[in-house]
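Open the structure in your viewer and keep the selection tool ready. This tour goes stop by stop, telling you what to pick and what to look for.

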Amino acid sequence: QVQLVESGGGLVQAGGSLRLSCAASGRTFSRYPMAWFRQAPGKEREFVAAANWSGGSTFYADSVKGRFTISRDSAKNTVYLQMNSLKPEDTAVYYCAASWGAISMTESAYLYWGQGTQVTVSS
């Protein structure tokens with residue numbers, strides 16, 4: 001089984017930056033397409049960003065394009081989400097996820113999920 005643990009969340013003012021980390025277990029970690037999703041209170045979980053096994057193919061939600069960057073460090077079994085120019089609407093619990101096959105923006109494609117880390121952006 002794959003286990004994912006997020007960290008790096010916190011409180012930041014609008015316009016600031018945070019970098020989230022997702023530590024993954026398993027020697028096959030580098031083969032899994034990885035993604036970040038987020039869920040704000042009272043809202044559905046939504047796609048944020050995804051990357052394939054090499055990090056060479058990435059996808060972003062329109063709301064975060066140009067501000068967020070997903071990256072991977074296979075040697076450390078870690079996926080990152082660099083978040084710049086943060087806005088109050090970015091406030092949410094952020095989840096790391098891993099899928100079986102191709103990179104996807106669809107939640108159902110991801111089988112393994114972390115516990116989430118809170119990101120709060122103040123006005």
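**Stop 1: strand S9 and its partners**

You are looking at a predicted model. Now show all of S10, residues 110-113. S9 and S10 pair in the antiparallel sense, over three bridges.

Next, select S11, residues 117-122. This strand also pairs with S9 through three bridges, again antiparallel. Pick valine 93 and look across to glutamine 118, its bridge partner in S11.

Move on to S4, residues 34-39. Six bridges join S4 to S9, and the two run antiparallel. To find the pairing, pick methionine 34, which stands opposite alanine 98 in S9.

Now colour the whole of S9, residues 92-99. How many of its eight residues are buried? Seven are, so the strand is largely enclosed by the rest of the structure.

**Stop 2: the disulfide**

Select cysteine 22 and cysteine 96. A disulfide joins them, with an S to S distance of 2.2 Å. Cysteine 22 lies in strand S3 and cysteine 96 in strand S9, 74 residues apart, so the pair links distant parts of the chain. Both cysteines are buried. Is this disulfide left-handed or right-handed? The torsion about the S-S bond is about -85°, so it is left-handed. A search of the whole structure finds one disulfide.

**Stop 3: the nonpolar core**

Show the side chains of Trp36, Leu81, Met83 and Tyr94. These have the most contacts inside the largest nonpolar core, which has 35 residues. Which strands supply at least two residues each? They are S3, S4, S5, S7, S8, S9 and S11. In soluble globular proteins, nonpolar side chains tend to be buried together.

**Stop 4: the four-stranded sheet**

Hide the side chains and select S1, S3, S8 and S7. They form an open sheet in the order S1-S3-S8-S7, with antiparallel pairing. S1 (4-7) and S7 stand at the edges. Each has a single partner strand, so one side of each is left without a neighbour in the sheet. From one strand to the next, the twist averages 15°.

S1 and S3 pair over four bridges, in the antiparallel sense. Select leucine 4 and look across: alanine 24 in S3 stands opposite.

Terms used: Residues numbered from 1 in each chain as written. Predicted model: local features only at pLDDT ≥ 70, side-chain atom pairs only at ≥ 80, totals over all residues. Heavy atoms only, no water. Buried < 20%, exposed > 50% of the residue type's maximum accessible area, 1.4 Å probe, protein only. Pairing = 2+ DSSP bridges. Core = buried A, V, L, I, M, F, W, Y, C linked by side-chain atoms within 4.5 Å. Axes fitted to C-alpha atoms, helices over the stretch in contact; angles between N-to-C directions. Disulfide = S-S within 2.5 Å.
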